[in-house]
Every structure is written in C-alpha cells, then in structure tokens.
Amino acid sequence: MGVVAVAVIVSGCGSEPVTQAKDAKADTAAKQQQSTAARMKAAAAVKANELGQVPVLMYHRIVDKPQTTDDRTPKQFRTELERLAKEDYVPITAAEFVTGKIDIPAGKHPVVLTFDDSSPSQLTLDEMGTPKANTAVAIMREVAARHSGFRPVGTFYITRDMFGKHVREEQAQTLLWLKSNGFDLGNHTRDHHNLRTRTHAQVEEQIGSIGKQINELAAVKPVTIALPYGVQPRKKEWAARGKSYHHQGVFLAGYTPSASPFSKSYDPLGIPRIRAMDKKGDCAQFCSTAWLDWLKANPDMRYTSDGDPSTIAYPKFKHPFLRVSYKAKALAY
C-alpha cells in the first residue's frame with residue numbers, strides 16, 4: 001500500500017507543471033489571436049493596402065523663371081507639396097522606401113520626393129546656416145510647419161556640381177546639413193553621363209568616384225542611385241553593385257508610380273519615378289498632376305499604411321501579389 005501511495009503522490013506532483021505549461025501556452029496563443037484580430041480590424045478600418053502603388057516624384061531646379069520642362073517655380077513646387085499634405089501623403093526617403101522602412105501613421109500614404117543634379121536652387125545656406133528662401137528645402141520646411149505630420153524629408157541625388165559649391169569645406173557643410181536634418185543623399189554619377197554608352201569600367205568609375213566623395217564629405221554611403229536620363233547601363237546590375245558601392249535601389253526617370261517594395265512586381269534595379277509637371281502634352285497622362293489625380297480617383301490602387309511598421313497589411317484578395325520574403329510580416333484582412 002505504501003508503495004502505491006508514493007506512486008500516486010509522485011504522479012500527481014509531476015502532472016501539475018505540465019498542465020500549467022499547457023494552460024500558459026493556450027493563453028499565449030489566445031492573446032496572439034486576439035492581437036492579430038485587433039490589428040486586422042484596425043487595418044480594415046483605414047482600408048490599409050501596403051501592396052499599393054507609391055508615387056516617387058522627380059524634381060530638378062526650383063527657379064523663378066523655368067528654362068526647361070524639368071524646372072519648377074517655387075509657387076508650383078509649394079502648390080504640389082500643399083496638395084500632397086492635404087491628400088494625406090507623408091514624405092519618406094528613397095533609402096527608407098527601398099529598405100521597406102515605411103513608418104507612417106495609419107491611413108496615410110507614402111510619397112518619395114527626389115531631387116536630381118544637386119542644384120543650388122534645391123539648397124543654399126545663408127551665413128547663419130539656414131536654407132535660403134524659395135529653395136526646395138526651405139519650401140518643404142514651410143509646408144511641414146503648416147501641416148502636422150508632413151515630414152520635410154527627401155532624397156538629393158548628388159553629382160560633382162555639389163549645390164554650386166567648389167570649396168571642399170562648403171561642400172561638406174551642405175551635405176552634412178542635409179544629413180543632420182533627416183535628408184537622404186543618393187548617387188547620381190559624377191558627370192551625369194548616359195551610362196548606356198559606357199563600358200563596365202567607366203560605369204564603375206562614374207558611380208564609384210562620386211560615391212567615394214559623398215562618403216568622404218559626409219560619412220554617408222548612398223543606399224540608392226538615380227540614373228542620369230533614367231538610362232540603364234548595358235547590364236543593369238552595374239548600377240547597383242560595383243567594387244566600391246552597393247545600392248539597394250536604382251531609380252529611373254519613368255512615367256508611373258512605383259510598385260510597393262513588398263510587391264512581387266517591384267524591381268529594385270528599375271524603380272520608376274514621375275516627372276513633376278502639370279497636365280500638358282505627354283504630361284496630360286504621365287506626370288505628377290495627372291498621376292496624383294489618378295491615385296485620388298483610384299484609392300484602392302494606392303499604398304495606404306496600417307500604422308504598424310512590423311506588419312504588411314492588405315485585403316486578402318491581394319495576397320497573390322505579396323513577395324514571398326515578406327510572408328512572415330503579412331497581415332491579410
């Protein structure tokens with residue numbers, strides 16, 4: 001009898017921790033299910049679609065008297081930024097976009113503002129280190145001050161022009177100001193040549209030399225490159241990887257919004273941008289005003305955030321478009 005009693009006692013003592021472990025595991029699973037259900041409900045409430053399209057806008061000079069179709073006046077630039085703010089767009093950098101670090105509030109839409117050729121009209125600092133009035137950066141900060149949540153950030157694609165600065169210290173001062181104020185520095189090649197006609201060695205030299213200079217001046221290795229004229233070299237991989245550089249995104253000068261970086265249709269070696277221009281000529285359909293009109297009229301096609309950077313939220317029927325590498329972050333509602 002004594003032996004039997006001991007056996008019963010030992011058996012009873014051993015079963016209690018197992019039961020508690022099972023209960024704890026069940027509780028954790030239930031809480032996870034509740035959390036997921038809550039996130040799905042929140043995503044559905046704002047009609048989140050993080051597989052939607054993102055406008056990547058391409059600017060050049062911001063000048064009072066435009067001399068080319070790529071130039072915009074300060075008024076035109078300010079008007080477009082005001083529109084973006086009112087339509088719930090939040091600027092992110094090109095580096096944030098290509099690395100999938102899109103951290104914006106729920107219901108908002110990302111927009112990438114890019115500036116080619118490192119023109120003085122984009123940024124010139126006064127003697128106090130403040131952006132001069134009517135430069136692109138000054139206008140961005142003005143609009144952001146009027147619209148809470150509109151981030152004054154963008155990506156500047158650098159050439160040897162360096163915002164019109166020729167003294168190394170002044171070049172460093174300008175690049176470091178951009179870096180310290182949340183702006184992104186990208187590669188635009190040293191001499192702005194058409195890379196299609198260049199050899200592999202020439203492509204690497206054009207890209208690598210300006211990348212090295214940017215790093216020496218501001219301790220920044222560009223994450224992205226914008227190709228001059230939007231033209232790819234004979235092998236598009238040359239623009240992304242070289243002996244001294246590794247870009248995670250290669251931007252073109254095309255006519256459409258970009259696919260989400262989480263979508264199967266996204267190509268990091270050929271990301272389209274949209275020319276900033278009104279509805280005139282070809283731009284009646286293919287430039288910024290036209291595309292922003294289209295995205296407004298087709299909100300289900302536009303990237304809309306769920307406000308949680310740890311998930312990728314979208315309607316269930318869009319699941320076939322998710323890139324497999326992001327499956328663990330999927331939140332299909």
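**Strand, helix and aromatic packing in a predicted model**

In strand S2 (residues 89-92), Tyr89 and Pro91 point one way while Val90 and Ile92 point the other way, and all are buried; buried here means under 20% relative accessible area, exposed over 50% and partly exposed in between, with a 1.4 Å probe and protein chains only. The structure is a predicted model, in which local features need pLDDT of at least 70 and side-chain atom pairs count only at pLDDT 80 or more, whereas totals for chains, interfaces and linings use all residues. Residues are numbered from 1 along each chain as its sequence is written, and side-chain values use heavy atoms, with hydrogens and water left out. Helices (H or I, at least four residues) and strands (E, at least two) are DSSP runs, numbered from the N terminus.

Two helix pairs can be set side by side. Helix H5 (residues 168-180) packs with helix H6 (residues 200-218) at an angle of about 80 degrees, their axes 8 Å apart; axes are lines fitted to C-alpha atoms, for helices over the stretch in contact, and angles run from 0 to 180 degrees between N-to-C directions. That makes H5 roughly perpendicular to H6 (65 to 115 degrees; under 35 is roughly parallel, over 145 roughly antiparallel and the rest oblique). On the H5 side, the residues that meet H6 include Leu175 and Leu176, and their counterparts in H6 include Ile214 and Leu217, contact meaning heavy atoms within 4.5 Å. By class, this contact of H5 with H6 has six nonpolar, two polar and three charged residues (Ala, Val, Leu, Ile, Met, Phe, Trp, Tyr, Cys and Pro are nonpolar, Asp, Glu, Lys and Arg charged, and the others, Gly among them, polar).

Helices H2 and H9 pack at an angle of about 10 degrees, with axes 12 Å apart, and are therefore roughly parallel to each other. Glu80, Arg83 and Leu84 of H2 make the contact with Ser288, Thr289, Leu292, Asp293 and Lys296 of H9. This contact of H2 with H9 divides into two nonpolar, two polar and four charged residues. The buried residues of H9 (residues 288-297), among them Trp291 and Leu295, pack against S1, H2, S2, strand S8 (274-275) and helix H8 (283-286).

A search of the whole structure finds 12 aromatic pairs, counted when rings of Phe, Tyr and Trp (its six-membered ring) have centres within 6.5 Å, with planes under 30 degrees apart stacked, over 60 edge-to-face and the rest tilted. Tyr59 and Phe77 form an edge-to-face pair, 4.9 Å centre to centre with 80 degrees between the planes. Tyr59 lies in strand S1 (residues 56-59) and Phe77 in helix H2 (residues 74-86), so the pair ties together parts that are 18 residues apart in sequence. Tyr59 is buried at 0% relative accessibility, and Phe77 is likewise buried at 0%. Phe156 and Phe183 also form an edge-to-face pair, at 5.7 Å and 65 degrees. One aromatic cluster holds Tyr59, Phe77, Phe115, Phe156, Phe163, Trp177 and Phe183.

Phe163 also has a positive phi of about 60 degrees although it is not a glycine; Phe163 lies in the loop between S4 and H5.
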